[in-house]
Amino acid sequence: MFIKPLKIPLHILKTMALDRRTPKTHPHKQFISQQATNLYSGYKGEKALEYYLQFLPENQFFIFHYLRFLDKYGHFQLDFLLLSAYFHLIIEVKNVYDNMNFDELGQAFRVMGDDVEVFRSPIEQVNMQHNRLKSLYRNHDFPTVPIKKIVVYSRDDMYLRNLANNKVINDTVMHRDHVLPKIENFTEMYQTPYFSEEQLMELSSTLMGAHRPEDFLLMERLRVSQEELIKGVFCPNCGCVPMLWKHGKWHCKSCGCVSKNAHRTTLADYALLSDEYINNRQARQFLLMDSIHTAKRVLQKEASEEIGNRGGRKYKLDIDKLLAKC
């Protein structure tokens, strides 16, 4: 059962919106684009694993996606955490392409032609997560339970090589299609219950309460101002901006695409990068729309809530609903 279902974390959505809205001429554009690509690639790897986890018995496992906790050393993040009465499992997901090698020194590296790219050891990474999660359990007086950990490479075309034939690597690192058999092995291995159902529910509540989502500080750190952001509605077909509003629809002057709802992504971008509340003037400026009355109709249709009267009226933008309807 998914207690915390798979969902794109807000800081990733904000980074992707910033990438869309940052001009190519901006001095930090390349860095922003790389950040957006890396973050979304990581999420896609986690999304690929979701398919397999849904086959687990609902009454035996509590599943959490993206938990981030604060301890005395800072923050640490778990891609997936599975709880059962008998054991708990940390899953670290990697969405890397081509090949990954592990040598006798525990180094992880990829060979691309004449170049060698070295990565942080996923074994050490997941071991650290394991130790910090154990400390969190102790600090909240939860029972001692076997906490297992695995590293999952989510791409089917990934070539994994354990050059030193290290048993720890063999036991810990795997492709995604080996995850369910691995969990079945753990289920057979651990037959003694450490948690009651009530304790699992209490632990679930504690974990959700301790979760600290990552802050989005990229705009502040790179000093990207609101005035620098690209305004207007992007064409859903060719990506050209701005589309023009004519006769109740958005028209792309580049490819001729016509859309009634292309503004939803733009309103979501405003909510992600500026504020979840928007007034008529701000909407016209961001959508590049002239008519007060047309902007009012669009906002009344798309907003989840209205507050204030007349000139002071604001509309609440629900990011999830806007993106779900795009």
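In the predicted model, the side chain of Lys7 makes a polar contact with the side chain of Asp320 at 3.0 Å, a polar contact being a pair of N or O atoms within 3.5 Å, of which, within protein, one must be able to donate a hydrogen and the other to accept it, with residues adjacent in sequence counted only if both atoms are side-chain atoms. Residues are numbered from 1 along each chain as its sequence is written, and side-chain values use heavy atoms, with hydrogens and water left out. Because the model is predicted, local features need pLDDT of at least 70 and side-chain atom pairs count only at pLDDT 80 or more, whereas totals for chains, interfaces and linings use all residues.

Lys7 is located in the loop between β1 (2–4) and α1 (10–21), where helices (H or I, at least four residues) and strands (E, at least two) are DSSP runs numbered from the N terminus. With residues up to four places away in sequence set aside, Lys7 touches Tyr43, His65 and Asp320, contact meaning heavy atoms within 4.5 Å. The C-alpha atom of Lys7 is separated by 8.7 Å from that of Lys47, 40 residues apart along the chain. Lys7 has 46% relative accessibility and counts as partly exposed, the class between buried (under 20% relative accessible area) and exposed (over 50%), for a 1.4 Å probe and protein chains only.

Helix α10 comprises residues 292–302, and its buried residues are Thr294, Ala295, Val298, Leu299 and Glu302. Seen down the axis of α10, these residues fall within an arc of 130 degrees, so they line one face of the helix; the arc is that of the directions from the helix axis to the C-beta atoms. The face turned away from this buried side carries the exposed residues His293 and Arg297. At the N-terminal end, α10 is capped by Ser291, a side-chain oxygen of which lies 3.3 Å from the backbone nitrogen of His293.

For the protein as a whole, 11 helices and 16 strands are assigned, and 44% of the 326 residues count as buried. The C-alpha trace spans about 65 × 55 × 35 Å along its principal axes. Among contacts between residues at least 6 apart in sequence, 61% join residues at least 24 apart.
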